[in-house]
Amino acid sequence: MLSFGKKSNKEKANKIFTKSTGYHTYDIVKSSLIHNGFTNISYKYKLENGNEYQIRIGNDQEFINRKNEKLFLDSIGNKDYIFLDIKNGNAVKKWIIGKNPNEKTSRKISFLNKLNKAIQKLHKNKLNKQIVYQDFGEFLEKSSLEPEIKTKYLSLLETFRKDKLVMSHNDINPANMLILENSEIYFIDYEWARINYYWWDITNYIREVKLPLWKTHIFCLLNKISFKQMKQRLFVCTCFAYQWTFYMQQTDKIVNYQKEVKKLMEYYFEKVK
């Protein structure tokens, strides 16, 4: 029976791939769903000639600035993307051989040291002032913050105004990095890239993996941040992440994530009161 409904995600991915590369669907020997996240759906395609690609279908375009994403990628010299549609976020890029760090690896001191070096290398890219700056009030209006937490958030932001600004990935977590065959760390998925404070990529990673506070001392040492300053920045980073959840479609997945982030935010708040 013929179906006249909406195209499936797989059909959309096929169209994006064939239209942007010149290949045909019969060139694809294997395909698999590799990511179904808050802002995109991605597939991995392997072709008969051995080449491999990632195909991304963009979602939630209201909050993702795809023009900014492309500008950021161009500014850091990333050449992996074969196609990137700044209107809807659809993209095709070369498949990078590597693996995401597992839970155990992501918390090892040796890995954290290597991660810090990779972050610092990214931050050395020349600042492109055409890139969007992080707006710490972007999601504040609709978020459900207790007055005491909101006041602390805003007051701490005032104290950070002189912190160094860099080209920030802005969403560093284990899912957005690969460990390559040569053991180097390679960052992927620059959807939320911004000009932001130098400590943001570090604090975002710490909160994403729920790194114990005592282990954050290595980042303090490597970046000349006091433990007190680290806790303050962790609170601000986590509070911002909590605000962001209110602007996403309130699916079970995002609501559960929201609860996790709130719990962590309240934990850091107790540490900076």
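This is a predicted model: local features need pLDDT of at least 70, side-chain atom pairs count only at pLDDT 80 or more; totals for chains, interfaces and linings use all residues.
Helices H7 and H8 are roughly antiparallel to each other, because their packing angle is about 155 degrees and angles over 145 degrees fall in that category. H7 comprises residues 227-245 and H8 comprises residues 252-272, and the axes of the two helices lie 8 Å apart. In handedness, the crossing of H7 with H8 is left-handed. On the H7 side, the contact is formed by Lys231, Gln232, Leu234, Phe235, Thr238, Cys239, Ala241, Tyr242, Trp244 and Thr245. H8 contributes Ile254, Tyr257, Gln258, Val261, Lys262, Leu264, Met265, Tyr268, Phe269, Lys271 and Val272. Sorted by class, the residues of this contact comprise 14 nonpolar, four polar and three charged.

H8 also meets helix H5, which spans residues 200-208. The axes of H5 and H8 come within 11 Å and cross at roughly 110 degrees. H5 is therefore roughly perpendicular to H8, since the range for that description runs from 65 to 115 degrees. The crossing of H5 and H8 is right-handed, whereas H7 passes H8 in a left-handed one. Ile206, Arg207 and Glu208 of H5 are in contact with Tyr257, Val261, Leu264 and Tyr268 of H8. This contact of H5 with H8 has five nonpolar and two charged residues, and no polar ones. Tyr257, Val261, Leu264 and Tyr268 of H8 are also listed among the residues that form the contact with H7.

Asn173 is located in the loop between strand E6 (165-168) and strand E7 (177-179). Its relative accessibility is 11%, so Asn173 counts as buried, the limit for that class being under 20%. Beyond its neighbours within four places in sequence, Asn173 is in contact with Tyr205 and Glu208. Glu208 is also one of the H5 residues that meet H8.

Another asparagine, Asn196, belongs to strand E9 (residues 194-197). Asn196 counts as buried because its relative accessibility is 1%. When residues up to four places away in sequence are not counted, Asn196 touches Gln134, Phe136, Lys164, Leu165, Val166, Ser168 and Asn170. With Asn170, the contact includes a polar one between the two side chains, at 3.0 Å.

Apart from neighbours within four places in sequence, the residues in contact with Gln120 are Leu222 and Asn223. Gln120 and Asn223 are separated by 103 residues in sequence, while their C-alpha atoms are 9.3 Å apart in space. The side chains of Gln120 and Asn223 make a polar contact at 3.4 Å.

Notes
Residues are numbered from 1 along each chain as its sequence is written. Side-chain values use heavy atoms; hydrogens and water are left out. Axes are lines fitted to C-alpha atoms, for helices over the stretch in contact, and angles run from 0 to 180 degrees between N-to-C directions. Helices (H or I, at least four residues) and strands (E, at least two) are DSSP runs, numbered from the N terminus. Angles under 35 degrees count as roughly parallel, over 145 as roughly antiparallel, 65 to 115 as roughly perpendicular and the rest as oblique. A crossing is left-handed if the near helix is turned anticlockwise from the far one by less than a right angle, and right-handed if clockwise. Contact means heavy atoms within 4.5 Å. Ala, Val, Leu, Ile, Met, Phe, Trp, Tyr, Cys and Pro count as nonpolar, Asp, Glu, Lys and Arg as charged, and the others, Gly among them, as polar. Buried means under 20% relative accessible area, exposed over 50%, partly exposed in between (1.4 Å probe, protein chains only). A polar contact is a pair of N or O atoms within 3.5 Å; within protein, one must be able to donate a hydrogen and the other to accept it, and residues adjacent in sequence count only if both atoms are side-chain atoms.
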